[in-house]
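Load the model in a viewer and show it as a cartoon. The stops below go from a sheet to one of its residues and then to the helices.

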Amino acid sequence: MVALTNEPIAKAEMLIRKPVEEVFQAFIDPAITSKFWFTKGSGVLEPGKTVHWEWEMYGAAADIAVKEIEENKRILIDFGYTVEWIFTSRADNETFVTITSSGFAGDADQKAEQAVDAMGGFTMVLCGLKALLEHGILLNLVYDKAPDAHVKR
C-alpha cells in the first residue's frame, strides 16, 4: 500500500468577466446554479443550512451542509468533503474564482481519484458558468459529460 506524503487537494480556477456580486450569486441561488451545474436545489445557500442538490439526469443527489459564507468573498460547504470558493474582484467587471476541495476519504488511491474527479468537475462547472454569465450560453456540460449514465424515465 502506498502512503501519501501530503493529503490531496484539488483546485480549479477561472476568471469570469462579470462583477463579483453576480458571480457569487450564481453559486448561492439554485435558480442560477441549476443552469450550469445541478438540476435542482432546495434553497439558497445560507450559513448553518443544509440544502439538497439533484442531478436528475443521473438519478444522483446530495445533501450539502453550508458551513460559512462571506458575502461576495467566500463559500465553505461540506459536500462529503470540504469545498471552498474564494471570489476575488479584479476590476469592476472581473472576478477570479478559486474552488478548492480537500478532506477526501479512503485509502491513498481513493483519495487521489476523488481529488482528480473534483478538479475536473469543478473546472467544468466554472467553464459552464463563464459561458452562461459572459455569453448567455447554456453549454449543458454536466448533462453531456456522461450521456450513457443518464437514468431512463
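Contact here means heavy atoms within 4.5 Å. This is a predicted model, in which local features need pLDDT of at least 70 and side-chain atom pairs count only at pLDDT 80 or more, while totals for chains, interfaces and linings use all residues. Residues are numbered from 1 along each chain as its sequence is written, and side-chain values use heavy atoms, with hydrogens and water left out. Helices (H or I, at least four residues) and strands (E, at least two) are DSSP runs, numbered from the N terminus.

Select the strands. The open sheet has 7 of them, in the order β1-β7-β6-β5-β4-β3-β2, with antiparallel pairing; two strands pair if DSSP finds at least two bridges between them. β1 and β2 (40-41) are at the edges with a single partner strand each, so one side of each has no neighbour in the sheet.

Next, select residues 10-16, strand β1, and residues 94-102, strand β7: 7 bridges pair the two in the antiparallel sense. Met 14 stands opposite Val 97 of β7.

Stay on β7 and pick Ser 101. Its relative accessibility is 1%, so Ser 101 counts as buried (under 20% relative accessible area; exposed is over 50%, partly exposed in between; 1.4 Å probe, protein chains only). Leaving aside neighbours within four places in sequence, its contacts include Pro 8, Tyr 81, Ala 118 and Phe 122.

Finally, select helix α3, residues 108-135.

Terms used:
The expected span of a helix is 1.5 Å times one less than its number of residues.
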